[in-house]
Amino acid sequence: MTDRELVNKVLGNGDQRCFAEIVKRYSGMVFSKTLSIVRREELAKEVTQQTFIRAYERLAYWRNDSLGPWLVTIAIHTALNELERERKTRGNSIPSSSASEYDADHEALLQRMEKAVDTLPEQDRQLIRLHYYQQVKTEEIARQTGLSQSNVLVRLHRVRDKLRKMMSSERI
């Protein structure tokens with residue numbers, strides 16, 4: 001089943017097996033991303049659970065073809081919020097603007113970004129997903145795609161610029 005079909009079944013009749021399939025498909029990716037941010041396995045497990053809870057609560061707002069980027073974005077913000085919460089309890093808080101609470105406006109911005117990524121040519125989408133969502137190093141991306149490492153770096157830079165322009169022009 002596609003992500004869209006799974007989401008439709010969860011939203012349509014509350015099919016928990018379909019949501020369990022979503023968790024099964026993406027928990028490794030989400031855990032890997034959170035672990036790279038929080039750097040503690042137990043906290044990464046907790047943040048991963050929180051991510052799927054938040055995703056379930058906001059599933060009706062998801063609008064793309066693949067849940068992966070959306071879930072990773074939620075995971076990043078959940079992890080940053082958790083680190084901020086820890087810093088505050090230790091008295092070493094950082095300005096709230098760097099790890100602001102997850103809200104509807106931010107969700108809309110994230111969805112616009114995902115939509116912008118989806119409009120990119122396939123090879124550019126592949127580079128973005130490998131590098132940013134799956135945390136694959138540029139050396140490995142070069143090996144997988146047959147490009148040189150410097151070419152991968154240049155293309156990533158150009159794609160980021162393109163996405164920045166798309167987001168600032170409000171075309172998405």
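**A close look at the packing**

Tutor: Let's begin with Leu163: leaving aside its neighbours within four places in sequence, Leu163 is in contact with Met113, Ala116, Val117, Leu120 and Ile128. Please keep in mind that what you see is a predicted model.

Several of these names come back when we step outwards. The largest nonpolar core has 18 residues, and those with the most contacts inside it are Val117, Leu120, Ile128, Ile141, Val152 and Leu163. Two or more residues of this core come from each of α5 (104–118), α6, α7 and α8 (149–168). The biggest share is that of α8, with six residues. There is also a second, separate core, which has 17 residues, including Val7, Phe19, Ile22 and Val30.

Helix α6 spans residues 122–133 and helix α7 spans residues 138–145; they pack at an angle of about 145°, and their axes are 10 Å apart. Their crossing is right-handed. On the α6 side the contact is made by Gln126, Leu127, Leu130 and His131, while α7 brings Thr138, Ile141, Gln144 and Thr145. Sorted by type, these residues are three nonpolar, five polar and no charged. Notice Ile141, which you have already met among the residues with the most contacts inside the core.

Leaving aside neighbours within four places in sequence, Leu43 is in contact with Val38, Glu82, Leu83 and Glu86. Its C-alpha atom is 9.9 Å from that of Phe31, twelve residues away along the chain.

Glu82, Leu83 and Glu86 lead us to helix α4, as they belong to its side of the contact with α3. Helix α4 covers residues 67–90, and α3 packs against it at an angle of about 125°, with the axes 9 Å apart. That angle makes α3 oblique to α4. The crossing here is right-handed. From α3, the contact takes in Leu43, Glu46, Val47, Gln50, Thr51, Phe52, Arg54 and Ala55; from α4, the residues include Trp70, Leu71, Ile74 and Ala75. By type, the residues of this contact divide into ten nonpolar, four polar and four charged.

Technical notes
Residues numbered from 1 in each chain as written. Predicted model: local features only at pLDDT ≥ 70, side-chain atom pairs only at ≥ 80, totals over all residues. Heavy atoms only, no water. Axes fitted to C-alpha atoms, helices over the stretch in contact; angles between N-to-C directions. Helix = DSSP H or I, 4+ residues; strand = E, 2+ residues; numbered from the N terminus. Left-handed = near helix turned anticlockwise from the far one by under 90°. Contact = heavy atoms within 4.5 Å. Nonpolar A, V, L, I, M, F, W, Y, C, P; charged D, E, K, R; others polar. Core = buried A, V, L, I, M, F, W, Y, C linked by side-chain atoms within 4.5 Å. Buried < 20%, exposed > 50% of the residue type's maximum accessible area, 1.4 Å probe, protein only. Parallel < 35°, antiparallel > 145°, perpendicular 65-115°, else oblique.
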